[in-house]
Amino acid sequence: MENASKQRDIKLSKSLSWLLRHGADSQGVILDEGGFMDVQKVLNLKQFKNFTVDDIKRVVEQNEKKRFTLRCNENCLQIRANQGHTLKVDDDALLNLLTEEDVPQVVYHGTYLSKLKNIKLKGLSKMKRNHIHFTPRFPGDGSVISGMRSSCEVVIGVDTLRAMKDGFKFYKSDNEVILCPGNHNGVIPPNYFKEVWQLSPLQRLD
């Protein structure tokens, strides 16, 4: 019974992630400029008909990577995904713009050995998302890290101060993910890479 309940919560979390990051437009619902949507409008959609407000509150509270934020706006409970969007949202309403004083000097992007050759040649790309995702610290202490998959084999450290001096913007989400939209092509070129590590066995690759 406990396992069934856990699987139900996982299904709800994945459905919320898809809706709030990618699928709202296709469902005929609108996010506000900061990415928020009324919880009741979520529950009115057919894929959420078997869930309740309490289910959503529990999933938000228990999510290890803190993917969602709940707020009460004019007595209306609202929810948003903290990052990972392909939907158009206002960066300044969704995220916190970092300055040279408060940005980590190096931020880390996780990837895979099979992707590394192309990344070293062309740089990091936001792909279909709005931002390239980073974690503010090097992985390895066993804690859950938002902004990087646990299966990543390679970590690329980007020199944020050098990039910012050249006009790149870095933001921080409510769940501590560092995000950058890249240049006009959505890319951070490889000349901003400061270090490249293979995680197992731990060794530098740059």
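Where is the place of Pro 201?

What we have here is a predicted model, in which local features need pLDDT of at least 70, side-chain atom pairs count only at pLDDT 80 or more, and totals for chains, interfaces and linings use all residues. Residues are numbered from 1 along each chain as its sequence is written, and side-chain values use heavy atoms, with hydrogens and water left out.

Now, back to the proline. Pro 201 sits in the loop between strand 12 (193–199) and strand 13 (202–204). Helices (H or I, at least four residues) and strands (E, at least two) are DSSP runs, numbered from the N terminus. The peptide bond that joins Ser 200 and Pro 201 is cis, with omega about -5°.

There is another backbone feature to look at, and that is Glu 74. Its phi is positive, about 50°, although Glu 74 is not a glycine. Most residues other than glycine have a negative phi, and most peptide bonds are trans. Where is Glu 74 found? Glu 74 lies in the loop between strand 2 and strand 3, and the hairpin of these strands has two residues between them.

Three strands form an open, antiparallel sheet in the order 1-3-2; strands count as paired if DSSP finds at least two bridges between them. Strand 1 (37–38) and strand 2 (68–73) are at the edges with a single partner strand each, so one side of each has no neighbour in the sheet. Strand 3, residues 76–81, pairs with strand 1 over two bridges, and Met 37 stands opposite Ile 79 there. Strand 2 is joined to strand 3 by six bridges, with Phe 68 having Ala 81 as its bridge partner.

Next, the domains. The assignment, which is automatic or from a database, gives domain 1 (1–89) and domain 2 (95–204). Their C-alpha centres lie 26 Å apart. How many residues of domain 1 are in contact with domain 2? There are 14, and they meet 15 residues of domain 2, where contact means heavy atoms within 4.5 Å.

Between them the two domains bury about 1000 Å², 45% of it on carbon and sulfur atoms. Buried area here is the accessible area (1.4 Å probe) that two parts lose on being put together, summed over both. On the domain 1 side, Lys 65, Asn 82 and Gln 83 lose the most area to domain 2, together 47% of what that side buries.

Finally, salt bridges: a side-chain nitrogen of Lys or Arg within 4 Å of a carboxyl oxygen of Asp or Glu. The count comes to eight. One of them pairs Arg 8 with Asp 55, the closest N and O atoms being 3.3 Å apart. This pair links distant parts of the chain, with Arg 8 in helix 1 (residues 2–23) and Asp 55 in helix 3 (residues 53–62), 47 residues apart.

Across the interface of domain 1 and domain 2 the rule finds one salt bridge. As for Arg 80, its salt-bridge partner is Asp 174, with the closest N and O atoms 2.8 Å apart.
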